[in-house]
Amino acid sequence: MIAVARLVAAKDLRIEARSRVLLWQVLPFGVIALLLSGLALGPAQAGNSSAGPGLFYLVTLFVTLLMINRSQSLENAPGTRASVATLGLDPAGVFLGKALALTVELWVTGIVLLAGSVLVLHTALIGTVQALPSILVTLATLAVAGTLYGALTQGGDGPATLLPVLTLPAFAPLLIAGERSFSAALHGGALWEWWVIVLVALVAYTAVGILLYGVLEES
Amino acid sequence: MVVRLVNAVVMSRGFALLSGVDLEVERGSLTVLTGANGAGKTSLLRLLGGLDTLTSGAGHVAGVDLAQGDRRQLRRRVGWLGHEGSFYADLSVRENLVFAARALERPVHDVDAALERVGLDHRVDTITKQLSAGQRRRLGLAWLLVRRPELWLLDEPYASLDDAGREFFDHLLGDVVRAGATVVVSAHDPLRSREVVARTLRMSGGRIDAP
C-alpha cells in the first residue's frame, strides 16, 4: 500500500510540475480572489485582520474544489482509466497517493495565499506564522476528504458539478475549525480544541478512504 | 483455455451490452472480433479484462471466475490497449512505462528494451501528448511488452494507423502469439496479417454470430 501510495503521489506531482496548472491557473485564481475580497471589504476594513482567516479559508475552499477536480481528471482521460485499472493497483494505496499529492499542492497554494493575506488583508505576520501548523493540518484534511469525494463524483459516471454540493457539508466543519484556529492564533484564545476537531477528521477520512476508495472507483 | 464464456450477459442501465455470448479462446492464439459499431466488441473485451461485471451466465478468464473471482487479480493478468490511448498525457514516454513497470514490480530496464522493440527509443523523453496517433499505438504496445500480460486485449488498435503502422503491429502481434501469449483484438475489418493465423469472429447485437 505504501509503495503504491508513493508511486501515485510521485506521478501526480510530476504531472503537476510538468503541466503547471497549479502555477499558471490555480494560484493566479486564488490570488485574484483574495485581492477581490480585500477590495470588497474596502480600504478601511482591509486593515481589519479579523476578516483575514475567514477570507483565507473561503478562497482556499474555491481553490480546493478546483484542485480536486484536476486531481481526478488525471485518471479520467479517455483510455487511461481502463489501462491503469488493469495494473491492478491497491485502491488504498492509490487513495493515499492521490491524497498525499493533493496535500502537497494545497500546502503550496496555502502558503502563497497566506502571504497574500498578510499583504492584502493585513493579517498579522507573527500570528499567521503561529497559525501555520494548524493551517497545514486543516489543508491536509481537506485534501484527504476531497480525494474521497472526488472519487465519489468522478470515479464512475457521476457529474463533476456535484462536487461542490457534496463536499460543502463535509468541508464546513473543517473550514470553521480552521478559521477558529487561525483566529485564535491571531487574537488569542483556545487553539487546541479546534486542532482536535481537525485531527479527528483527518484520521476518520483517511480510514474511510483506505476502506472505501476501491468501492467508489468501481461504482 | 484462457477464456471460456457460457451465455455471458452484461447489462448496463437496463440495456444489454452482451446478450448471451459463448466463447472459448485457446492459449497462444489470436482472435479477431469484427462487427459494426455497437455490436458489442468493446463490451466483450471489457468483460474479459475485468473492467465490467457479468450480469448472468458464467465465465473464466486467465483462471479467474468472472462471477465470483477477484477482479483485481484478473486485471493484473490482462493487458488493455484502448483506441483512445492509454497513458498519462503529461508524462514522458519513458515515465509512463516506468510507472507501469514499478506498479507491477517489473525491472525498469524492461522499459528500455520495450521502447527499442517498438522503435520509440529515440523518443523516450517526448511528452506523450506530443506523440502522433501511430506513435501512441507503439507506446501502447511497449506498455504491454513491459507488462507481459497473459491475455492481450486490444480495442480497435488499427484505428488511424497507416499501412506501415498496421504491418508493424501485425508483425509484433505475431511474435507475441508465437511466444505463447493470447491476443484478442477488436477491429472493423478482418486482420490482413500473414504473420499469424487468426480466428475471426463476427459480432452483432451483443452476440457472436454463428460461423
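A: In chain B, B:Arg4 forms a salt bridge with B:Glu24, and their closest N and O atoms are 2.6 Å apart. The term means a side-chain nitrogen of Lys or Arg within 4 Å of a carboxyl oxygen of Asp or Glu. The model is predicted: local features need pLDDT of at least 70 and side-chain atom pairs 80 or more, while totals for chains, interfaces and linings use all residues. Residues are numbered from 1 along each chain as its sequence is written, chains are lettered from A and ligands numbered from 1 in the order written, and side-chain values use heavy atoms, without hydrogens or water.

Strands (E, at least two residues) and helices (H or I, at least four) are DSSP runs numbered from the N terminus. B:Arg4 has a relative accessible area of 39% and is therefore partly exposed. B:Glu24, at 37%, is partly exposed as well. With a 1.4 Å probe and protein chains only, buried means under 20%, exposed over 50%, and partly exposed in between.

Chain B has another pair, B:Arg178 and B:Asp175, whose closest N and O atoms are 2.9 Å apart. Both residues are in helix H6 (residues 163-178) of chain B; because they are three residues apart there, about one helical turn separates them. B:Asp175 has 26% relative accessibility, so it counts as partly exposed.

In chain A, A:Arg70 forms a salt bridge with A:Glu16, with 3.4 Å between the closest N and O atoms. A:Arg70 and A:Glu16 are both buried.

Chain A also holds a network of salt bridges, which links A:Lys11, A:Asp12, A:Glu75 and A:Lys98. Over all chains, the structure has 18 salt bridges.

As for the setting in chain A, its secondary structure is made up of nine helices and zero strands. Of its 219 residues, 53% are buried. Its C-alpha atoms fill a box of roughly 60 × 35 × 30 Å along the principal axes.
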